Amino acid sequence: MMRAALAVLLVLLLGSAARAERLIVSVSNHRVTVTPNYSGEELVLFGSVEKDASTPADRKTYDLVVTVMGPRAEMVTRRKERTFGIWINTDYRQFLEVPSYLALFANRPFDVITSPEIARRQQIGLNNVLLTQRVSGDYADVVPNDVFRSAFIRLRTQRGLYREDPSAVTFLTPTLFRTGIPLPAEVPIGTYEVEIKLFADGAFIGKTETAFEIVKVGFEQFVATTARQNGLIYGLVTAAMALMTGWMASIVFRKD
Amino acid sequence: MQLYLPIADLPVNVFLVLAMGAAVGFVSGMFGIGGGFLMTPLLIFIGITPAVAVASVASHIAASSFSGALAYWRRRAIDPALASVLLCGGVTGTALGVWTFTQLRALGQLDLMIALSYVVLLTTVGSLMFSEGLRALMRTRRGALPPRRTHNWIHGLPLKMRFKRSKIYLSVIPVVIVGILIGFIGAIMGIGGGFILVPIMIYLLRVPTSTVIGTSMVLTLVTMLFATLLHAVTNHLVDAVLALILMVGGVTGAQFGARAGQKIRGEQLRLLLGLLILSVGVRFAVELVIRPEDLFTIRELGVNG
């Protein structure tokens, strides 16, 4: 009995020894408001690696991978093919619950930080992030070089909504770090999860999470919400607006 | 000045959109048409998705045709009886059009269908109008009389009705069918359909020129208002901010266009309009045939959370 309790204690101690470092992080703004003239901005994430007594003394340098994931959405990627001389959407793939915004930042290239196997398990790099597709009734991610998957990532990257930058994280001191999170103008609204993963000598040694929220404010957002939630009223108001404009024009430009 | 369009979901330059509205308004005022067939392609060209362009232009056309219709109403150049029969078909056609629009969008073939309809319709109507304009121009050169109008098979159809203001005695069947047709293509393509409706009414239904434009504007007005409403309810694609900028530009441009149009002769005007319609059609055709820059497209089906 005594021996069993000791064993449990030992496991607990070892367990905490394996997670010797603590990560303390914060983002510069937990609530980003997007106004009508918003043209993109950059959030700053900063934090430090706290060592404790159980940290191996020879462990000096750390590697960090920061993953930012926007609200999840369902998306369809379609491919055009030449049919009867014209280009038509023929084949398509449905992506389920994929992040609408995805950014991966690190202080060094991903393949230098860790082994390919750990990178795959920890979803390090755009090629390793899980993007579930519906493949004929089945749900699965596919190989990274799948045409639909790579086209999907390429198109999202072009819009600035997916990105990976292995030099975005900078260590100010061996334990103090910061990184910028660029948010483009057409950033989707919702809750963003930030995951910070710590590596040392190629091994994954711990992670922490934080989050921020993007809200749109102002007249435009009011219009967008009304259009989606009260379609009929929105349509009636737009129709009335058209009539008013037409009527005003006929008064202003009336030839008497 | 950049402005964020809430439904189109992209920032645009207000002055660019205003100028586009004014330019299309000028052309529409000059030829006495709604101008949707120019406006929708222009919006697609600046990066607005075809679906949002079609839905938003509907309300823009409603505004310009309302100011036009008011002017024709004051001049008593609208036939209320003919307009109501046309509207019976128009409203049905619009509802069918919006329903088809929604189905095509779900299938991912909407953009293709919009482009194909533009190619077929605009090249046909454009070349017909162009050749007709050329023939008319040659006739006036030679000093020959225009061919006499004769009654055609349409005038043998049953269910005849007397349209007092237009002074015609006509079956309601072809009128309702024309209404359905215009409503249907208007809802799918984002056009008022005036440039097709007016020739049909003149050449097929033999409606006198005194009431033809005013009456066709009433049909355009009601079908486009109805299309706006249906697109807003079913597809949530009407961008009111975009529509408002277009309307303001459009109705202003139309006034100057109308003045310019009075200085050009009728045959030349038709020739020019034919050429314009034809070139928009050809542009769409070219786009379909050449290999697109990117074969892949993404559509978001809604954000959860």
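**Entry 1: the hairpin of chain A**

I began with β5(A) and β6(A), which form a hairpin with two residues between them. In the turn I noted F84(A), whose phi is positive at about 50°. I record here that the model is a predicted one. I then looked up the pairing of the two strands: β5(A) and β6(A) run antiparallel and are joined by 11 bridges. Within this pair I found K80(A) opposite N89(A) of β6(A).

**Entry 2: the hairpin of chain B**

I turned to chain B, where strand β3 (residues 160–163) pairs with strand β4 (residues 168–171) in the antiparallel sense over four bridges. The residue that stands opposite M161(B) is L170(B) in β4(B). Four residues lie between the strands of this hairpin, and I noted that K167(B) takes a positive phi near 55°.

**Entry 3: the open sheet of chain A**

I next traced a sheet of four strands in chain A; the sheet is open, its order is β1-β3-β12-β11, and the pairing is antiparallel. I asked which strands stand at the edges. They are β1 (22–27) and β11 (170–171) of chain A; each has a single partner strand, so one side of each is left without a neighbour in the sheet. For β1(A) I looked up the pairing with strand β3 (residues 41–50) of chain A, which is antiparallel and extends over six bridges. L23(A) has V49(A) in β3(A) as its bridge partner.

**Entry 4: domains of chain A**

I checked how chain A is divided and found domain 1 (18–69 + 98–130 + 140–217) and domain 2 (219–251). Between the C-alpha centres of domain 1 and domain 2 of chain A I read a separation of 41 Å.

**Entry 5: the interface of chain A and chain B**

I then examined the contact between the chains, to which chain A gives 58 residues and chain B gives 55 residues. The area buried between chain A and chain B is about 4800 Å², and carbon and sulfur atoms give 65% of it. On the side of chain A, the residues that lose the most area to chain B are R78(A), W87(A) and F253(A), together 14% of what that side buries.

I searched the interface for salt bridges and the rule returned zero. For polar contact, the rule finds eight residue pairs across the interface, both residues at pLDDT 80 or more.

I asked which elements of chain A supply at least two residues each to the side that touches chain B. They are β5 (72–83), β6 (86–99), α4 (147–158), β13 (190–200), α5 (219–229) and α6 (231–252). The largest share, 15 residues, comes from α6(A).

Key. Residues numbered from 1 in each chain as written. Chains lettered and ligands numbered in written order. Predicted model: local features only at pLDDT ≥ 70, side-chain atom pairs only at ≥ 80, totals over all residues. Heavy atoms only, no water. Contact = heavy atoms within 4.5 Å. Buried area = accessible area lost by both parts, 1.4 Å probe. Salt bridge = Lys/Arg side-chain N within 4 Å of Asp/Glu carboxyl O. Polar contact = N/O pair within 3.5 Å; in protein donor to acceptor, adjacent residues only side chain to side chain. Domains from an automatic or database assignment. Pairing = 2+ DSSP bridges.
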